[in-house]
Amino acid sequence: MTSPHPSSTPQQDVRTIGLIGLAHGTSHFHHMLLAPLFPVFIRDFGLNYAQLGLLVSVFFVISGVGQALAGFVVDRIGARPVLLAALGCFVAASLAALNAQGYAGLMLASALAGLGNAPFHPADFTILNKRVSLPRLGHAFSVHGISGNLGWAAAPPFMLGITALSGHWRWAYAAAAALTLGVLLVLIWQRQAIDDHHNTSPHTQPHLKQPPKEHALAFLRLPSVWLCFSFFFWTTSALAAIQSFASPALQQLYGLPDSITAFVVTGYMLFGAAGMVAGGFLVNRAERLERIIAAAMSLAAALLLLTAMGVLPGLLAALVTALAGLGTGLAGPSRDMLIKRAAPPGATGRVYGMVYSGLDLGFAVAAPVFGAMMDHGHPQGVFAGSAVVLVLGIVSATLVGQGLASRRLAQAQA
């Protein structure tokens with residue numbers, strides 16, 4: 001993998017990290033572009049929840065398939081133009097929702113948002129890995145994760161707040177389009193800070209040995225790539241369960257009112273953001289990153305299992321569920337650094353694209369599975385099932401770490 005530019009200064013790193021964080025937060029905002037206004041669409045367009053659920057599925061299917069393919073585009077033409085084009089897709093998605101006259105218009109908005117979301121992880125991580133100096137790379141991954149959580153948290157109050165203030169939901173989409181256009185213009189203005197080609201020329205780094213040319217799909221032979229993919233699938237399945245069903249599951253298990261359970265997911269995200277801040281410091285101090293991931297996610301799994309047992313007082317159960325986000329947040333920067341180490345030289349975009357498509361697949365598959373548990377009267381399955389898939393994620397991360405350790409040992413002995 002290309003090393004960061006030797007002349008990177010703290011100020012340059014901070015600028016790059018901030019811009020990528022802004023872009024990543026915008027992408028997560030658009031995960032929630034339609035969902036906060038689902039009740040309005042039922043009222044105005046006569047839709048049902050099955051139709052609205054299909055809008056979510058379309059987003060993640062397009063994003064997942066596109067993410068795996070986008071990595072090849074990023075490696076070929078560079079991350080910056082792909083990132084700017086993705087933000088343009090988000091503007092188009094908001095405009096499509098603004099002008100929607102029914103289900104077809106909403107479907108178009110969902111498809112455009114999914115297309116825009118597809119390139120973000122391969123583009124973001126390619127830029128961060130190439131531009132940010134190694135001592136600050138862990139913090140870059142931390143900020144990247146935090147910005148995503150903040151984007152998720154910001155969308156519902158933004159969309160619902162603009163709708164309430166203006167008196168009509170279409171103004172919310174006009175505001176979303178204007179906001180995203182503003183982000184796009186900022187990135188164009190500061191485009192030099194997200195240029196991922198600035199350090200790849202042999203003239204700027206003549207001391208680096210260029211990796212031999214390989215087939216574009218050669219990285220798919222690496223077990224570590226598929227283990228990282230599975231890691232994202234399992235951990236995102238847990239996130240999807242908590243995001244979608246933690247609130248009603250706590251109501252059924254503990255009899256809590258929705259005025260309390262509605263804040264559990266927000267608390268989970270905020271604890272996750274705090275964990276990512278701490279994880280950004282840990283990642284630069286550990287050689288065996290899988291051990292940090294295992295410890296942090298074991299904590300999260302244990303807390304979720306405790307909630308599933310139904311033995312806690314109601315308010316404490318809500319707090320424990322939210323606190324589980326701290327464990328998954330702590331693991332975030334180490335997870336992203338582990339993928340960096342697993343990626344072969346010259347395949348950064350492809351590896352991140354393929355690995356992060358596991359995230360989209362996890363969202364697409366987990367929602368109906370955990371929804372079925374709720375339909376069949378097993379709310380405890382939301383928390384117990386989340387704990388189980390987190391443990392499976394630990395297994396995947398551990399196998400990746402062991403493979404990397406074996407590879408380092410073999411290189412040292414060669």
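Biologist: Which helix gives the most to the lining of the largest pocket?

Modeller: Helix 3, with 9 residues, where a helix is a DSSP run (H or I) of at least four residues and a lining residue has an atom within 4 Å of a pocket point. This is a predicted model in which local features need pLDDT of at least 70 and side-chain atom pairs 80 or more, while totals for chains, interfaces and linings use all residues. Residues are numbered from 1 along each chain, and side-chain values use heavy atoms, without hydrogens and water.

Biologist: What is the make-up of the lining of the largest pocket?

Modeller: Of its 40 residues, Met32, Ala35, Phe38, Gln243 and Ser244 lie nearest the centre, and the lining divides into 30 nonpolar, 10 polar and no charged residues, with Gly counted as polar.

Biologist: Why is Val132 called buried?

Modeller: Buried means under 20% relative accessible area (1.4 Å probe), and Val132 has 0%, so the word applies. Val132 sits in the loop between helix 6 (120-131) and helix 7, and its C-alpha atom is 7.7 Å from that of Ile17, although 115 residues separate the two along the chain.

Biologist: How do you know how helix 1 and helix 7 pack?

Modeller: With axes fitted to C-alpha atoms over the stretch in contact, and angles that run from 0 to 180 degrees, helix 1 (residues 10-31) and helix 7 (residues 134-166) pack at about 35°, their axes 7 Å apart. Contact means heavy atoms within 4.5 Å, and the residues that make it include Ile17 and His24 of helix 1 and Gly151 and Trp152 of helix 7. These contact residues divide into 11 nonpolar, 9 polar and 2 charged.

Conventions
Helix = DSSP H or I, 4+ residues; strand = E, 2+ residues; numbered from the N terminus. Buried < 20%, exposed > 50% of the residue type's maximum accessible area, 1.4 Å probe, protein only. 1 Å grid on protein atoms, 1.4 Å probe; cavity = no way out; pocket = protein on both sides within 12 Å on 5 of 7 lines; lining within 4 Å.
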